[in-house]
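These are my notebook entries on one structure. I set out to look up its metal sites, its cores and its strand pairing.

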Amino acid sequence: MRDHTNAATQSGRDHTTSISWYEKFPELRPNVQYFDCSRLSASLTREACHQNWTAAYARRKDDTPLRLQKCQGCPIGRALHDGANDPSSWADVRLSNECLRCGRRDLRVIPSTGTCVSCWNRRRETERGHNARGGKLVHPIILSPRRVGLLVDGKPTWRLIDAHHEGEALSRAIHQIDGAKFHGQQPGQSVWNKRVGRFQYRCDKHPGEFGTLCEQVDSNGATEYVCPVCRPRAAKDLPEARVCSPTSIQSREFVKEVMRTYCVEPIESWTATEHVCDRCEHYPLQVRTIGKQLHCRCPLCDQAE
Ligand SMILES: [Zn+2]
Ligand SMILES: [Zn+2]
Ligand SMILES: [Zn+2]
């Protein structure tokens with residue numbers, strides 16, 4: 001961890017952040033250092049900056065002042081307040097009126113499902129098997145367990161979350177776990193088994209067929225992978241692990257490229273993708289189009305508008 005105390009007690013330039021510290025009120029407050037914050041157009045002490053930064057990353061309520069959005073993703077804030085990089089302080093920057101499934105913000109959200117009334121209705125119709133007029137459903141909402149890679153205490157873990165698509169699974173993970181941090185790892189090497197005609201995960205120590213990993217899923221969807229050679233008793237009666245793609249951790253450039261190729265419709269408001277920001281690994285990147293331009297941002301790393 002870097003030591004920032006130096007910068008706060010001495011005047012001069014801080015090279016990690018390229019801000020300059022100075023005594024603003026040498027008579028009234030000697031030795032109290034300020035710097036000029038361009039985002040808030042104010043001179044701030046480290047403490048004042050820290051307060052703003054912390055408030056900007058607290059769970060957003062409807063009455064959170066808009067000016068605090070300016071602090072989100074601020075590189076100076078991040079450099080000055082190391083503690084802010086602690087995932088538990090990176091709470092939800094999502095608006096409470098945002099549907100976890102379709103991302104719309106203009107409809108009422110049903111708290112028990114986290115989805116808007118429109119998505120809720122379509123799911124009800126899917127469960128009933130027909131729409132309100134008894135007709136066939138054009139876009140049924142099928143929920144299936146989707147795996148997300150989550151870091152817990154710095155270690156990779158996996159969790160199954162019932163969702164309509166990958167992006168919804170990520171959003172649900174963020175909503176369920178404060179400061180959720182994702183990873184893009186697989187539980188073992190995936191190997192094509194010609195004999196059975198499918199991919200299998202293999203234990204690092206036992207790469208042969210006997211080391212095919214089994215999976216144990218608890219009631220929360222937390223998934224543990226067990227090698228039958230390393231832990232024969234634990235693996236007894238467990239099913240073979242299902243191979244699926246890892247959580248997608250991507251750069252803005254990659255996501256833009258994918259969207260340009262596959263997305264022809266304009267996207268009017270910021271819409272979450274199924275790709276997690278490779279800078280913070282905390283939030284799915286969002287996209288929107290303005291005219292012919294496609295824009296991509298992380299709601300956590302990039303300044304909110
Ligand atoms: Zn919705
Ligand atoms: Zn093993
Ligand atoms: Zn980010």
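Entry 1, zinc ion (ligand 2). I began with the geometry of this site, in what is a predicted model. The four donor atoms around the zinc ion (ligand 2) subtend angles of 106 to 113 degrees, and the arrangement is therefore tetrahedral. I then listed the protein donors: C203 and C227 and C230 each through SG, and H206 through ND1. They lie 2.1 to 2.3 Å from the ion. Along the sequence I read the donor spacing as C-x2-H-x20-C-x2-C.

C203 has a relative accessibility of 10%, so I recorded C203 as buried. H206 stands at 26% and therefore counts as partly exposed; the cut-off for buried is under 20%.

Entry 2, the hairpin. I next looked at strands β10 (residues 189-193) and β11 (residues 198-202), which pair in the antiparallel sense over five bridges. I found V191 opposite Q200 in β11. The two strands, β10 and β11, form a hairpin with four residues between them. In the turn, G197 has a positive phi of about 75 degrees.

C116 has 0% relative accessibility and so counts as buried.

I placed T115 in strand β6. At 1% relative accessibility, T115 counts as buried. Its side chain makes a polar contact of 2.7 Å with the side chain of T113. Leaving aside residues up to four places away in sequence, I found T115 touching C99, L100, R101, R108, V109, I110, W120 and R172.

Entry 5, the open sheet. I traced five strands forming an open sheet in the order β9-β7-β8-β13-β12, with antiparallel pairing. β9 (181-182) and β12 (214-217) stand at the edges with a single partner strand each, so one side of each has no neighbour in the sheet. Within the sheet, I counted nine bridges joining β7 to β8, which run antiparallel. The bridge partner of G149 in β8 is W158.

The largest nonpolar core has 24 residues, of which V148, F182, V287 and C298 touch the most other members. Elements giving two or more residues to this core are β7 (144-152), β8 (155-163), α5 (166-176), α7 (252-262), β15 (271-277), β16 (284-290) and β17 (293-297). Of these, α5 gives the most, with four residues. Apart from this core I noted another, of 14 residues, among them F35, L44, C49 and L80.

Not counting residues up to four places away in sequence, C298 touches R252, C277, C280, Y283 and L285.

Note on methods: Residues numbered from 1 in each chain as written. Chains lettered and ligands numbered in written order. Predicted model: local features only at pLDDT ≥ 70, side-chain atom pairs only at ≥ 80, totals over all residues. Heavy atoms only, no water. Donors = N, O, S within 2.8 Å, 3.2 Å for Na, K, Ca; no water. Tetrahedral: all angles 85-135°; square planar, octahedral: opposite > 155°, others 65-115°. Buried < 20%, exposed > 50% of the residue type's maximum accessible area, 1.4 Å probe, protein only. Core = buried A, V, L, I, M, F, W, Y, C linked by side-chain atoms within 4.5 Å. Contact = heavy atoms within 4.5 Å. Pairing = 2+ DSSP bridges. Polar contact = N/O pair within 3.5 Å; in protein donor to acceptor, adjacent residues only side chain to side chain.
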